[in-house]
Amino acid sequence: MADTKRVDGNSTPGAPGDRWRSRGPLLAVCAGYFMVILDVTIINVAVPVVGRELGTSLTGIQWITDGYTLVFAGLLLTGGALGDRLGSRRVFCCGVAVFTLASLACALAQNPASLVVARLVEGSGAALIVPGSLALLQQAYSAPDARSRAFGLWGSMAGIAASAGPLLGGLLVTTLGWRWVFLINLPVGVACLALTLRCVAPSRRHGARSLDWPAQCAVAVMVALLTAALNEAGRRGWYDPAVLAMAGLSAVCAAAFVLREQLARMPVLPVRLLRSRAMGGGAAIGLLFNFAFYGMVFTASLDFQRQRGYSALETGVALLPAVVMTTFASALSGRLARRTGHRPLVVAGMLVAAAGLAGWAAAGPDPSYPLLVAPMMAAGFGTSFALTGSTSAVMTAAPTGYAGTASALFNTTRQIGSAAGVALGGTFLATAADYGTGLRLSMGIGALAYFTAVVLAWLCVPATDAAKPSEACRHTGAGRRGPHRPTTPPDSRRNAPDHPTTLDTLDV
């Protein structure tokens, strides 16, 4: 039977073993999340070599790159619902196992078709990992300050992985070969699985939750079609018939999903949840800052390689200022949240990031690299600084039994934002009068997205980490206590396990 000992990281243990157990959940979750996001960007520098060695066409290369992203984005909400129903730890571990085995299959692929299939399976594993990661952190760290630090470090993994992908990919491809781009996931996946089973407490299962497969299929197809349309718009143009058809079908699926959720007895994503300003606003903020940040990373990478002649490895090094600042900002915001609340941090972070991209847009048509260091640092710092607060806003507003769903909603909107940022950035570069004009326009649009997020943060992000019980009750139908109000005195709750010990409610 699994160990049901509580691991919450809320105290300051004195013994080394206690400190290890308190940090174990964070290490396990961050390892899995890092592995997922790394695979989004690390493949970019490897696909030209893959195409030559496996003899695939440009279409095959596109599927190797985008197939993972499409499945990942399309199944996120399904992964969150499965975590709520079956237990977040169980689904998270299954996702890590699927992802690791699929990475091995990618490395062993001998033809393009087998590699594409393995990448699709890898994306399904990622969709199980990411929603469970936030739910497990919320479970393991219940104190607001500890949770803020955990969410901050979790958020920094995205920026580090996305920006370090080209650097690590270029290093592996030039030294060991393209297959090591996938083999590197094996030790990370094994360590993540071992840490999760050892350090993360079993999760509560909500077996009464219906998965509502019609709604799941509708949202999966909707997100996949929308992501595909955004990706293809960067290559084909916004008025291409295929792009318009995918966008139209995506809208039809969205309407079908909303109608189904309004009629379903137990909807997978109750529409009432989105009426919560904290949850709906936090998800919109995530879309906007991912749109701006990943659009910046994408267009900067193209500028460094195509216009400045940098190699893949040199491009990764050039992006390091943004990576370093994401790590620093996440740790700082997690510590400051206890004193200031989340709203000032989100607003300040978005303002700093907006100033960075606006500075890049104003730097001229062909600025030297030293002039771009400060804008990249500002974008990396501001995005990571704001991520902690927006994550906490969404997760704290989630009622009991919907932590995985809230995480999936947040990460789905972020993924859509990333795809839109990349698609718009590519479109501006391809259609502008010259490359410099397209780059500056892309940065200007990113700055505008950050400024829009400032307004939303001021209106939607709660000043503290605690959700208002009245708001939670009003929008989720929870009882008068609200989803996060304690039902036992603090002293008795401190030594009590977070989870019931019966086998029917624990994933073991």
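How many aromatic pairs does the count come to in this model? The answer is seven aromatic pairs, and since the model is a predicted one, take the tour with that in mind.

**First stop: a pair of rings.** Select Trp178 and Phe182. Their rings make an edge-to-face pair, with 6.3 Å centre to centre and 90 degrees between the planes.

**Next: Phe304 and Tyr369.** Here the ring centres are 5.8 Å apart and the planes stand at 70 degrees; angles over 60 count as edge-to-face, so this pair is edge-to-face too. Now colour the helices: Phe304 belongs to helix H13 (residues 277-307) and Tyr369 to helix H17 (residues 369-397), so the pair ties together parts 65 residues apart in sequence. Are the two partners buried or exposed? Phe304 is buried, at 0% relative accessible area, whereas Tyr369 counts as partly exposed, because its relative accessibility is 21% and buried means under 20%.

**Then: a cluster.** Select Tyr68, Phe72 and Phe99 together; ring pairs link these residues into a cluster.

**A charge over a ring.** Move on to Arg343 and Trp458. Arg343 lies over the face of Trp458, 5.8 Å from the ring centre.

**Last stop: the surface.** To finish, click on Val324, which you will find in helix H15.

Definitions and conventions
Residues are numbered from 1 along each chain as its sequence is written. This is a predicted model: local features need pLDDT of at least 70, side-chain atom pairs count only at pLDDT 80 or more; totals for chains, interfaces and linings use all residues. Side-chain values use heavy atoms; hydrogens and water are left out. Helices (H or I, at least four residues) and strands (E, at least two) are DSSP runs, numbered from the N terminus. Rings of Phe, Tyr and Trp (its six-membered ring) pair if their centres lie within 6.5 Å; planes under 30 degrees apart count as stacked, over 60 as edge-to-face and the rest as tilted. Buried means under 20% relative accessible area, exposed over 50%, partly exposed in between (1.4 Å probe, protein chains only). A charge sits over a ring if NZ of Lys or CZ of Arg is within 6 Å of the ring centre and within 35 degrees of the ring normal.
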